[in-house]
Amino acid sequence: MDGIKDTRFGAATAKQAQASDEWRAQALVFRGKRQAMLASNIANADTPNYKARDISFADVLRASSQAEELTDQDGKETGATREVPLIPSSTLAFAGYRQPLQDSIDGNTVEVEREQAEFAHNTILYTLAMASLDDEAAEFKQAAALPNAASPTKRG
């Protein structure tokens with residue numbers, strides 16, 4: 001194998017793995033922030049004129065993907081990329097008002113059953129994202145661990 005360079009696990013692969021891990025972490029943050037927004041909607045179900053809000057993961061992902069690559073004036077890729085966070089410092093930048101299926105007398109747009117269903121769905125996705133990160137962490141720990149050394153025997 002002298003003179004043969006294995007490029008399967010080069011810098012590009014490491015960079016892709018890091019980007020994948022960052023994306024997973026940011027997706028987890030997004031799910032947590034959405035969970036808080038859905039909980040706020042449920043908590044304000046009886047507040048007059050409260051408008052239910054929600055965040056679309058597809059919209060956040062689309063905005064992140066569009067801003068990720070820099071191009072030059074000719075439209076050719078420059079090769080330079082910039083760090084674009086999936087989640088802005090304020091999720092309100094991506095939050096929108098939810099249209100109710102039925103109007104209420106007090107102007108509140110929260111539909112508790114719908115919010116509870118969205119909350120449960122988001123909980124499942126949050127748990128899945130957490131499990132994905134836990135699996136990555138376990139694999140990293142296993143890869144970084146030293147093999148078990150043979151236990152020394154006493155000489156007597």
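Predicted model: local features only at pLDDT ≥ 70, side-chain atom pairs only at ≥ 80, totals over all residues.
Biologist: Why is the contact between Asp54 and Arg34 called a salt bridge?

Modeller: The closest N and O atoms of Asp54 and Arg34 are 2.7 Å apart, and the rule asks for an Arg or Lys side-chain nitrogen within 4 Å of an Asp or Glu carboxyl oxygen, so the pair qualifies.

Biologist: What makes Asp54 and Arg98 a salt bridge?

Modeller: Their side chains meet at 2.1 Å, N to O, and because the cut-off is within 4 Å, the pair counts. Arg98 sits in the loop between strand S4 (95-97) and helix H3 (112-144), while Asp54 belongs to strand S1, so the parts tied together are 44 residues apart in sequence.

Biologist: How do you know whether Asp54 is buried or exposed?

Modeller: The relative accessible area of Asp54 is 14%, and buried means under 20%, so Asp54 is classed as buried. Arg98, at 10% relative accessibility, counts as buried too.

Biologist: What makes Glu115 a partner of Arg98?

Modeller: The side chains of Glu115 and Arg98 come to 2.5 Å, N to O, and as the limit is within 4 Å, this is therefore a salt bridge. Glu115 lies in helix H3 and Arg98 in the loop between S4 and H3, so the pair ties together parts that are 17 residues apart in sequence.

Biologist: Which residues do salt bridges with shared partners join into one network?

Modeller: That network consists of Arg34, Asp54, Arg98, Glu115 and Glu118.

Notes:
Residues numbered from 1 in each chain as written. Heavy atoms only, no water. Helix = DSSP H or I, 4+ residues; strand = E, 2+ residues; numbered from the N terminus. Buried < 20%, exposed > 50% of the residue type's maximum accessible area, 1.4 Å probe, protein only.
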